[in-house]
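Open the model in your viewer and keep the selection tool at hand. The tour moves from one stop to the next, and each stop says what to select and what is there.

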Amino acid sequence: MFPVINVFRCDGCGVCVKRCPAQIMGLINGKAAYLQMLCEECGICAEVCPTNGIQFELPRAYGAGEVHEAYQSKR
Ligand code: SF4
Ligand code: SF4
């Protein structure tokens, strides 16, 4: 499961960049981005985003756009 960044919600605060344990997040033109191939799929970036700008999505094989139930229950 990989995070999906909503660039319209992201305000470029950089919180996710600081908290990503894999240190693979950064800002491009003031918006969050990450290297998916190195992502550890921990979901921390989605949890810490103050604008709810990152969704933690299931892979398409399990249904595009569905938020993982386990993650949803934590919110
Ligand atoms: S924490 Fe959210 S608002 Fe802040 S840079 Fe990351 S995605 Fe953007
Ligand atoms: S899911 Fe974890 S490893 Fe992947 S970008 Fe977010 S914080 Fe970094």
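Start with the largest nonpolar core: select Cys 16, Cys 20, Met 25, Ala 32, Tyr 34, Cys 45, Ala 46, Cys 49, Ile 54 and Phe 56, 10 residues in all. Such a core is a set of buried Ala, Val, Leu, Ile, Met, Phe, Trp, Tyr and Cys residues joined through C-beta atoms within 7 Å. Buried means 20 or more other C-beta atoms within 10 Å of a residue's own, exposed means 12 or fewer, and partly exposed lies in between, with C-beta atoms placed from the backbone. Strand 3 (31–34), helix 2 (44–48) and strand 4 (54–57) are the elements that give two or more residues to this core.

A word on the model: it is predicted, local features need pLDDT of at least 70, side-chain atom pairs count only at pLDDT 80 or more, and totals for chains, interfaces and linings use all residues. Residues are numbered from 1 along each chain as its sequence is written, while chains are lettered from A and ligands numbered from 1 in the order in which they are written.

**The whole chain**

Show the cartoon. The protein chain has 3 helices and 4 strands, in the order β-α-β-β-α-β-α from the N terminus. Helices (H or I, at least four residues) and strands (E, at least two) are DSSP runs, numbered from the N terminus. Of its 75 residues, 16% count as buried. Contacts are pairs with C-beta atoms, placed from the backbone, within 7 Å. Among contacts with a separation of 6 or more, 53% join residues 24 or more positions apart.

**Ile 54**

Back to the core. Select Ile 54. Leaving out residues up to four places away in sequence, Ile 54 touches Pro 3, Val 4, Ile 5, Cys 16, Cys 45, Ala 46 and Cys 49.

**The two ligands**

Select ligand 1. Its shell holds 13 residues, and the closest are Cys 10, Cys 13, Cys 16, Ala 32 and Cys 49. A shell residue has its C-beta atom, placed from the backbone, within 6 Å of the molecule. This shell divides into 8 nonpolar, 4 polar and 1 charged. Here Ala, Val, Leu, Ile, Met, Phe, Trp, Tyr, Cys and Pro count as nonpolar, Asp, Glu, Lys and Arg as charged, and the others, Gly among them, as polar.

Now ligand 2. It is surrounded by 14 residues, the closest being Cys 20, Ala 22, Cys 39, Cys 42 and Cys 45. They divide into 11 nonpolar, 1 polar and 2 charged.

Select residues 25–28, strand 2. Strand 2 pairs with strand 3 in the antiparallel sense over 4 bridges; pairing takes at least two DSSP bridges. Met 25 stands opposite Tyr 34.

Buried or exposed: which is Tyr 34? Tyr 34 is buried, because 20 other C-beta atoms lie within 10 Å. It touches Cys 20, Ile 24, Met 25 and Cys 39, not counting residues up to four places away in sequence. Gln 23 sits in the loop between helix 1 (15–19) and strand 2.

**Two positive phi values**

Most residues other than glycine have a negative phi. Select Asn 29, in the loop between strand 2 and strand 3. Its phi is positive, about 50 degrees. Asn 29 is exposed, with 7 other C-beta atoms within 10 Å.

Finish at Glu 41, in the loop between strand 3 and helix 2. Its phi is positive too, near 55 degrees. Glu 41 counts as exposed, with 11 C-beta neighbours inside 10 Å.

Notes
Two residues are in contact if their C-beta atoms, placed from the backbone, lie within 7 Å.
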